[in-house]
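Please look over the structure below before reading on, and keep it in view while following the explanation.

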Amino acid sequence: MKNLLKATAAAAVFTAMAGAAHAADVKACWVYVGPVGDFGWTYQHDQGRQAVVAEFGDKVETAFLESVPEGPDAERAIERFARDGCDIVFTTSFGYMNPTVKVAKKYPDVKFEHATGYKSADNLATYNSKFHEGRYIIGQIAGKMSKTGVAGYITSFPIPEVISGINAFMLGAQTVNPDFKVKVVWANTWFDPAKEADAAKALADQGVDIMVQHTDSTAPLQVAQERGIHGFGQASDMIAFAPKSQYTAIIDEWGPYYIERIKEVMEGTWETKQTWSGLAEGHVVMAPYTNLPDDVVAMAKETEAKISGGWEPFTGPIFNQEGEKVVEDGVTLEDGAILGMDWYVQGVDDKLSK
Amino acid sequence: MFEAILLTVITAATPLLIAALGELVVERSGVLNLGVEGMMIMGAVVGFAAANLTGSGTLGALAAVLAGVCMASLFGFLVLYLATNQVATGLSLTILGLGLSGMIGEAFIGVPGLKLPRLDIPLLSDIPFIGPVFFQQDALVYVAFALVALVSYVLFRTRMGLILRAVGDNHGSAHALGYSVLRVRFLAVLFGGGCAGLAGGYMSLAYTPQWVENMTAGRGWIALALVVFSSWLPLRVVGGAYLFGAVTVLTFHAQAQGIGIPSQFLSSLPYLATILVLVVISANRRLTLVNTPACLGKPFVPDR
């Protein structure tokens, strides 16, 4: 008993010391859905966290919890951070939306930021990136480079972000090749390298020569390289895994946003808002264009510049699968319609179960 | 086309097959090790690391086996010599493996791996159809084939196999006959660990040559289910692993063909197929009982 008391006392002192040593201005905390080593979604968020550390040094203390399942566990994890003295908590998956809203209500003094969701409050901001801008560019590249005119598209779950990605890709490809086709395969997982590889092999066996993915591992690109076809990286630059096959990659760059928001917390100017930014703000970045002829690179760069300049890929005329004109000529689709997209554009050979 | 599909199926089935064969031997000795997933992921990371540092795929595979054996020896020590609860210990082994592998693998994230070379078997690989499918694979696929033969032979045709099964069916009698129950079980656990490690190594060296956390993505659990599915018979493990792999791969082909069946249903097909076969097999209750190790999961504490 005596020993136990001693140990407890020692632990208390130690904790107090540890607390004192970390007397930073701001404590920022992250909740991740996957492991930081996934080299995809979560990896990129953690790169953003590391950018924050590099920027502010001792002035900021960071903490993160990885592989937090979307559900009751998420609420516990977020609440723990709120109680632990975090000044700002970033929750980085769509499924954390409701838990974050709940905890934000309980802790009005803590600031919350939820990625990819749509519910906000006075102390809860949302942030997301316009990944579909990058997908439009890779669509154009695919249209130019494909000899068979068929791309394979490995996808995760039928959520608006994924659907708008497929649509943007198709719109891009159709500007070059109106008859372009895409084979969509749902892996029903964000992250299972072996399953993604199986899907990629199945697509390659069926004669696609462009591999697009909206799942997080590098496996599909590796298969593309093995089969001598080409593809695009997802979330991070995957060129090391497929030096001969990657044309470019759509990189999620969260660092600038995290730095900006934490700076606002330090200065006391943080306000809730809904951020949705893309190529223009540098939150979506295209990896260097490789394995491509000069004219295609020039075309891609031109489109990139056009989108950075404020042009929206979802600008009419856009037809749906039934051939009805859903966006009139020259009209730009509203943000809400893109963020909630649940229909395919003309030419996508897949059905959405509703 | 058919040939291409078969090639993919073999790759998909091999890790399941190797891990399940190992676990089958463990369970035949009367021990239930739920830590297959943990041992697999350790095999994957250590195999990848070793192959990356030495530049040799063979050393990578050996290191993967060794990693599995190390994990298994920890499990074996706890459940056999300290008689801890097998279910709880196995589950903790999985959690330990997932965490530890993430830590070890940190330096290898984003590093492209070394793919095991294809090993063509002379003469046999020239046979049309059969050659490219079965005899132009990487070395670990042949190891899996050899393991099936080895496990079936040893379990049912040798004295060693008889002792192992006796220990699993009635540890009291085996003990009374003078066999060291704990030693037999410990060796079986080590074999199972080695297989699980190798299966993990197959994932990170041949299937998808890369290291990412949690890359086994639950295959250890499927291997565990396959052992029950096979009613503890090695040849049925082969059938189960290939059935599972085939249904998985075919659902992707079906989707790419655009047959319009909801993908969520297709994704659940491998599991549905497994359950269906399980029901059919267990309809013959007597046969199932004959093959189930009677002492499965029961601790044995020798009274000295």
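**A helix pair in chain B**

In this predicted model, the axes of helix α3 (residues 57-81) of chain B and helix α4 (residues 86-104) of chain B come within 10 Å and cross at roughly 155°, where axes are lines fitted to C-alpha atoms, for helices over the stretch in contact, and angles run from 0 to 180 degrees between N-to-C directions. Because of that angle, α3(B) is roughly antiparallel to α4(B), a label for angles over 145 degrees. The crossing of α3(B) and α4(B) is right-handed, that is, the near helix is turned clockwise from the far one by less than a right angle. On the α3(B) side the contact is made by B:Met71, B:Phe75, B:Leu78 and B:Val79, and on the α4(B) side by B:Gln86, B:Thr89, B:Gly90, B:Leu93 and B:Gly97; two residues are in contact if their C-beta atoms, placed from the backbone, lie within 7 Å. These residues divide into 5 nonpolar, 4 polar and no charged, with Gly counted as polar.

Turning to the whole chain, the secondary structure of chain B comes to 13 helices and 2 strands, taken as DSSP runs (H or I, at least four residues, for helices; E, at least two, for strands). Buried residues make up 50% of the 304 residues in chain B, buried meaning that 20 or more other C-beta atoms lie within 10 Å of a residue's own. The C-alpha trace of chain B spans about 60 × 45 × 45 Å along its principal axes.

Residues are numbered from 1 along each chain as its sequence is written, and chains are lettered from A in the order in which they are written. Because the model is predicted, local features need pLDDT of at least 70 and side-chain atom pairs count only at pLDDT 80 or more, whereas totals for chains, interfaces and linings use all residues.

Note on methods:
Angles under 35 degrees count as roughly parallel, over 145 as roughly antiparallel, 65 to 115 as roughly perpendicular and the rest as oblique. A residue is buried if 20 or more other C-beta atoms lie within 10 Å of its own, exposed if 12 or fewer, and partly exposed in between; C-beta atoms are placed from the backbone.
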